[in-house]
Amino acid sequence: MKYFTTGAKSALIDKISIEEVGMPQMVLMERASLGVAGAAAEFIKDKKQKILTVVEGGNNGGDGVAAARILKERGFNVDIFYIGGIKKTSEAFLEQIKIAENCGVKIYKASDDYSLKSLLVGYDIVIDGIFGVGLSREIGGVQAEAINIINDAKEERQNDLAVISIDIPSGVSADNGELLGVAVKADVTVTFGFTKVGMLFGKGREYSGKIILKDIGFPACAVEKTAPEYYGLDIDDIKKILPVRKDDSNKGNFGRLLIVAGNDSIAGAAVIAGQAAFKAGAGLVKIFTHKDNRNIIGAALPEALLDVYEYNSDSEESSDGTNHSAGKCSGKITSPGGEQSGEIISSTDIESLVKWATAIAIGPGLGTSEKSKYLLKAVLKAAYENDKPVVMDADAINIISEDRSILKNLRFEEKKWIITPHMLEMARLIKTEDENAKDALGRIFKDRFEVAKYVSNEYNIISVLKDARTVVSDGSSRCFINTNGNSGMSKGGSGDSLTGIIGALLAEGMKPQDAARAGVFIHGAAGDIAALKCGRTSMTVTDLNGVIDMIKR
Ligand SMILES: NC(=O)C1=CN([C@@H]2O[C@H](COP(=O)(O)OP(=O)(O)OC[C@H]3O[C@@H](n4cnc5c(N)ncnc54)[C@H](OP(=O)(O)O)[C@@H]3O)[C@@H](O)[C@H]2O)[C@@H](O)CC1
Ligand SMILES: [K+]
């Protein structure tokens with residue numbers, strides 16, 4: 001397991017390490033600077049290349065000054081530009097300036113009328129030590145000017161100018177990846193102790209470039225005491241929570257997943273979810289879909305069991321009451337729990353389908369018509385009454401967004417169900433009456449963790465907020481951030497595949513929180529393998545599904 005820290009948590013780890021554990025600040029700073037110098041040295045091909053370290057007067061600047069001194073001692077051609085726009089400089093920064101001057105490092109001060117723009121022309125590498133995790137508000141004035149000069153020079157010179165940020169690109173919010181006014185666009189960011197949460201999302205991710213994580217020796221007790229909320233898992237962590245696949249087994253040992261997907265004009269979503277579920281290890285998969293999909297799904301996924309329904313309005317009832325158009329449907333009308341009956345006709349009633357399953361996945365390609373709503377309500381009600389785990393995606397979420405009472409009325413004591421909205425679906429799900437989806441989306445970008453946590457607690461479920469970095473919340477203050485996966489997965493059907501994987505893991509008996517975290521991880525890892533095989537541009541969700549089984553148990 002690895003932690004990710006916000007600005008406040010990073011500062012707290014620094015503080016506890018220094019004030020309570022007694023680590024000298026200059027020791028931590030020296031280690032941090034050695035990390036920066038080491039990473040920069042690897043990046044610099046030719047010692048003749050000129051490096052300019054641009055600093056402000058906080059501890060991030062202190063790191064920058066110390067890194068410049070270390071590089072100078074190692075024979076690199078390095079100078080410092082000091083912006084000097086902060087009134088209250090840190091003591092460590094001032095100490096570092098003294099040491100650097102004693103070691104003969106040239107320091108250009110803006111207060112001596114040196115211009116960053118003119119100076120920068122003669123340099124090949126910029127080290128950004130303007131702001132670190134102490135950035136607390138929008139950047140303006142001289143610091144914004146310096147950042148714009150660096151970015152403009154980078155834009156103009158592209159690969160002829162390399163930019164290395166210390167700890168976090170100056171201007172990126174460590175909490176959410178938003179830009180506080182302006183931010184340095186780095187090629188490489190050397191970060192200390194823990195990757196900052198803001199470097200994983202949105203602009204923060206883009207502006208960080210390649211992230212190099214350096215252990216600078218924060219004591220474990222200081223980390224434990226701060227208890228970082230955000231964490232990631234690696235393949236070994238995931239393997240520990242996946243059920244063991246015993247040799248002495250049969251298909252009945254690996255769960256029975258009921259997938260309720262598709263409608264009278266969509267079949268593909270059910271196929272993709274079903275393929276993913278088999279590849280993720282489900283023993284039996286039954287697809288419950290509209291009768292028009294029978295042949296397509298039967299041909300595309302012959303290993304799946306199939307049960308079909310038709311809409312009551314599809315069928316023409318003869319005067320004797322028999323149904324002539326239902327194919328294999330017997331004409332039995334399900335009316336779960338006194339709901340308005342007659343919307344769906346199927347040979348097997350919904351209660352029996354749900355009872356057969358060890359888990360249910362519902363939503364892909366379901367549509368949002370009144371009939372789809374009826375079907376969703378009936379399945380969820382039966383799942384609730386029969387205590388079955390459910391994963392809900394896509395149109396299931398869209399329907400619930402329009403009538404949130406569907407889910408609110410089915411609250412378990414424990415969090416047994418999983419909901420997997422992408423950002424827009426989440427916006428629809430949380431928007432208040434006087435808010436539009438765009439404003440709700442803005443709220444998610446500001447604090448996706450809080451939103452995921454809110455939905456988890458509001459409905460007492462596990463919430464999986466899908467994005468380039470998916471987060472999973474169980475409603476507690478802790479949140480899982482998935483860091484694998486790639487842009488090749490941003491294609492139609494990707495969400496259906498995730499639903500199938502999570503459904504399979506639920507069907508096998510995994511706890512919902514584990515099924516959600518492992519499902520998201522496996523989906524991302526399969527996406528990465530598919531990208532290696534087929535390329536991000538051309539990979540399809542079928543390619544991704546095809547390699548799910550490579551994440552071995
Ligand atoms: N502590 C340690 O032991 C270690 C720390 N380390 C390093 O220190 C970094 C954190 O250092 P830091 O806390 O000094 O914060 P930093 O980011 O340099 O800037 C703070 C200054 O900026 C100011 N300021 C803020 N926003 C502003 C704005 N928009 N516009 C203008 N001013 C603004 C703020 O003013 P204030 O908000 O207090 O008014 C304050 O004066 C960390 O990222 C890592 O690199 C490592 O060496 C490991 C050991
Ligand atoms: K920085």
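Trainee: What makes helix α2 a helix that lies across β5, β6, β7 and β9?
Mentor: In this predicted model, helix α2 spans residues 25-43 and lies across β5 (125-129), β6 (162-166), β7 (188-192) and β9. Contact requires C-beta atoms, placed from the backbone, within 7 Å. The helix runs at about 155° to β7; angles are taken between N-to-C directions on a scale from 0 to 180 degrees.

Trainee: Which strands does helix α3 lie across, and at what angle does it run to β2?
Mentor: Helix α3 (residues 59-73) lies across β2, β3, β5 and β6, and it runs at about 160° to β2.

Trainee: Why is the sheet called open?
Mentor: The seven strands follow the order β4-β3-β2-β5-β6-β7-β9, with parallel pairing. β4 (107-109) and β9 (210-214) are the edge strands, each pairing on one side only. On average, neighbouring strands of this sheet are turned by 20° against each other, direction ignored.

Trainee: What makes a residue part of the shell around ligand 1, and how many residues surround the ligand?
Mentor: The C-beta atom of the residue, placed from the backbone, must lie within 6 Å of the ligand. There are 28 residues around ligand 1, and the closest are Gly58, Asn59, Asn60, Gly132 and Gly134. Helices α1 (7-20), α2 and α3 each supply at least two residues of this shell.

Trainee: How does the shell around ligand 1 divide by class?
Mentor: It holds twelve nonpolar, ten polar and six charged residues.

Trainee: Where do the domain bounds fall, and which region does UniProt list as "domain: YjeF N-terminal"?
Mentor: The domain assignment gives domain 1 (2-228) and domain 2 (235-550). The unreviewed UniProt entry lists residues 10-224 under that name. Over residues 10-224 the chain is 42% helix and 17% strand, with the end C-alpha atoms 12 Å apart.

Trainee: How many residues of domain 1 are in contact with domain 2?
Mentor: Six residues of domain 1 are in contact with six of domain 2. On the domain 1 side, these are three nonpolar, two polar and one charged. The centres of the two domains, taken over C-alpha atoms, are separated by 44 Å.

Methods. Residues are numbered from 1 along each chain as its sequence is written. Chains are lettered from A and ligands numbered from 1 in the order in which they are written. This is a predicted model: local features need pLDDT of at least 70, side-chain atom pairs count only at pLDDT 80 or more; totals for chains, interfaces and linings use all residues. UniProt positions are given in the numbering used here, feature names are shortened, and annotations may be inferred rather than shown by experiment. Helices (H or I, at least four residues) and strands (E, at least two) are DSSP runs, numbered from the N terminus. Two strands pair if DSSP finds at least two bridges between them. Two residues are in contact if their C-beta atoms, placed from the backbone, lie within 7 Å. Ala, Val, Leu, Ile, Met, Phe, Trp, Tyr, Cys and Pro count as nonpolar, Asp, Glu, Lys and Arg as charged, and the others, Gly among them, as polar. Domain bounds come from an automatic or database domain assignment.
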